[in-house]
Amino acid sequence: MALSSIFESELLQKIEQFAIHKHIKADTVFLDIHQPIKYIPIVLSGSIKVFSVDENSRELLLYYVFPDEACAMTFTCCMQQKNSEIRAVTEEDTEVLLLPVQVMDEWIMKYTTWKSFVMQTMYNRFNELLKNIHLIAFEKLDERLVHYLTERSRITGSKVLDISHQQIADELATSRVVISRLLKKLENDNKVILYRNQIKLLRGFFQ
C-alpha cells in the first residue's frame, strides 16, 4: 500500500509541502523517553520498534511500525502536548516522512482520510498491546519466545535471525541466562540452530 491510496490528493500535497524526508540507519534511537515530540513519523520503508522503558532503563517491546504506518504513541503524546513516553529504535535501515505536530489538529478537522488514518493507527496499536498483555499475563516465557522469533522471522522475511541472546532478553524483559536456556532447549528439539549472535529457524520450529 502507498500513501497515495490512503490519503486524498489535497492532503498528499500538504504532506509533500510540510514533510521532511529522512533516511535512518538500523539500530538508531529515533525517539527516546522524555524527549519533546516535534514530528510525527510515517514509515515509508523499513521498520521501527517501540519500547516501554522503566525507571531502571529496562525495555519492553510494545509493537513495530511498518511501511505506511505511524506510531500511535506519538499521536497521543502530541495531542496532549506531552513529551515522549516511549523509545523508538529502527529495526533496519528505515525511510520516514516527518510531519510537524502543529498540523495534527488542523488535519484531523479538515481531512477525513487523516482522521481515519489516526484512528485506525490507534485502534491497531491498542489491539497489539492487548495481544502483548495477553502473552505476558497468560503465556509461559517459552511460548512468548516462540511468538517473538516467529514475528521477527515474518518481519525480516528470513529464517536466519541476526540477534543476540541479550537483545532477545531485553525485548522480552527477562534475563539472558533464561533466554539462552530456552533457546538451547529449542536447539535440542531440532527446532533451531544457534550461532554467535544468530539463530536459524528450522522446519520443525514452524510445525
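Glutamate 151 and arginine 154 form a salt bridge, their closest N and O atoms lying 2.9 Å apart; a salt bridge here is a side-chain nitrogen of Lys or Arg within 4 Å of a carboxyl oxygen of Asp or Glu. The model is predicted: local features need pLDDT of at least 70, side-chain atom pairs count only at pLDDT 80 or more, and totals for chains, interfaces and linings use all residues. Residues are numbered from 1 along each chain as its sequence is written, and side-chain values use heavy atoms, with hydrogens and water left out. The structure holds twelve salt bridges.

**Salt bridges within helices**

- Glutamate 151 and arginine 154 both belong to helix α5 (residues 141-156), three residues apart, about one turn of the helix; helices (H or I, at least four residues) and strands (E, at least two) are DSSP runs, numbered from the N terminus.
- Arginine 154 counts as exposed at 52% relative accessibility, and glutamate 151 is partly exposed at 21%; buried means under 20% relative accessible area, exposed over 50%, and partly exposed in between (1.4 Å probe, protein chains only).
- In helix α4 (residues 112-138), glutamate 128 and arginine 125 are likewise three residues apart, about one turn of the helix.
- The side chains of glutamate 128 and arginine 125 meet in a salt bridge of 2.4 Å, N to O.
- Arginine 125 is buried, with a relative accessible area of 3%, whereas glutamate 128 is partly exposed at 23%.
- An α-helix has 3.6 residues a turn, so residues three or four places apart point the same way.

- Arginine 87 forms a salt bridge with aspartate 32, with 2.7 Å between the closest N and O atoms.
- Because arginine 87 lies in strand β6 (residues 87-90) and aspartate 32 in the loop between β2 (29-31) and β3 (39-45), the pair ties together parts that are 55 residues apart in sequence.
- Arginine 87 is buried, at 15% relative accessible area, while aspartate 32 is partly exposed at 23%.

**Helix α7**

- The 13 residues of helix α7 (residues 176-188) should span 18 Å at 1.5 Å a residue, and the end C-alpha atoms are 18 Å apart, which agrees; the expected span is 1.5 Å times one less than the number of residues.
- Ile179, Ser180, Leu182, Leu183, Leu186 and Glu187 are the buried residues of α7.
- The face turned away from the buried side carries the exposed residues Val177, Arg181, Lys185 and Asn188.
- The buried residues of α7 pack against α5, α6 (165-171), β9 (192-195) and β10 (198-201), where contact means heavy atoms within 4.5 Å.

**The open sheet**

- Three strands form an open sheet with antiparallel pairing, in the order β1-β7-β3; two strands pair if DSSP finds at least two bridges between them.
- β1 (20-24) and β3 are the edge strands, each pairing on one side only.
- The antiparallel strands β1 and β7 (residues 94-100) are joined by five bridges.
- Histidine 21 stands opposite leucine 97 in β7.
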